[in-house]
Amino acid sequence: MSIPQDPPASAPPQESRHSRMARRIGCLAVPLVPLLLLAAIVMAPVWINDHRLARMVGRIQEFPLPPGTDFGYFDPQVEVSGDSGDCWYTIRFELSTDRPIQEVLNHYRQAKIEDPDGDLGDYGVVGWTPFDEPGTPVDGTSATNSVIIDLGGIYDDTWMDMRCW
């Protein structure tokens, strides 16, 4: 008669290298979560104001252009700066036109485009043309039909935007 024997004891399960690595990464990531949340809290006002300015850029691009005018080669550029909580913005874009520069400026000065605060036409408009290019006449006029338009103003609710301090 034979005595039943217990099955051979199996070796303890081996822990895979991937699960150890995942645990280590998880342990390292846990202290980073508060820092990431703090960064998101600090950057949220910047992102909100950038969104408001991007919407204004969209309104500028949708606004009818003066006759004989097209947008230039470059997308509009937005610059934000400030001092003591006042936030200034400048939106710069290029136009190619066969119209007089003053006519183009008057077109945008009379425009009622909503600014980031929701006000209509609460911004200044400045224009300039590139000079000192090859082929520029000596009479001080531009050799190109290009004009750069700067719309600049101040927007409110910026006490948390770090660019305004």
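Me: Leaving aside neighbours within four places in sequence, which residues is Ser-146 in contact with?
Reply: This is a predicted model, in which local features need pLDDT of at least 70 and side-chain atom pairs count only at pLDDT 80 or more, while totals for chains, interfaces and linings use all residues. Residues are numbered from 1 along each chain as its sequence is written, and side-chain values use heavy atoms, with hydrogens and water left out. Taking contact to mean heavy atoms within 4.5 Å, and leaving aside neighbours within four places in sequence, the partners of Ser-146 are Glu-94, Leu-95, Thr-129 and Pro-130.

Me: At what distance does a polar contact join the side chains of Ser-146 and Glu-94?
Reply: Ser-146 lies in strand 5, where helices (H or I, at least four residues) and strands (E, at least two) are DSSP runs numbered from the N terminus. A polar contact is a pair of N or O atoms within 3.5 Å; within protein, one must be able to donate a hydrogen and the other to accept it, and residues adjacent in sequence count only if both atoms are side-chain atoms. For the side chains of Ser-146 and Glu-94, the polar contact is at 2.9 Å.

Me: Why does Ser-146 count as buried?
Reply: Buried means under 20% relative accessible area, exposed over 50%, and partly exposed in between, with a 1.4 Å probe and protein chains only. Ser-146 counts as buried because its relative accessibility is 9%.

Me: Which residue has a side chain that makes a polar contact with the side chain of Thr-97?
Reply: Thr-97 is found in strand 3 and is buried, with a relative accessible area of 4%. Leaving aside neighbours within four places in sequence, Thr-97 is in contact with Gly-68, Thr-69, Val-104, Asn-145 and Val-147. The side chain of Thr-97 also reaches the backbone nitrogen of Arg-99 at 2.9 Å, while its side-chain to side-chain polar contact, at 2.9 Å, is with Thr-69.

Me: Which backbone oxygen does the side chain of Arg-52 reach?
Reply: Arg-52 lies in helix 2 and is buried, with a relative accessible area of 14%. At 3.2 Å, the side chain of Arg-52 reaches the backbone oxygen of Pro-116.

Me: Is Leu-36 buried or exposed?
Reply: Leu-36 lies in helix 2, and its relative accessible area is 61%. By that value Leu-36 is exposed.

Me: What percentage of the residues of the protein count as buried?
Reply: The secondary structure comes to three helices and five strands, which follow the pattern α-α-β-β-β-α-β-β along the sequence. Among contacts with a separation of 6 or more, residues 24 or more positions apart account for 64%. Of the 165 residues of the protein, the buried part is 25%.
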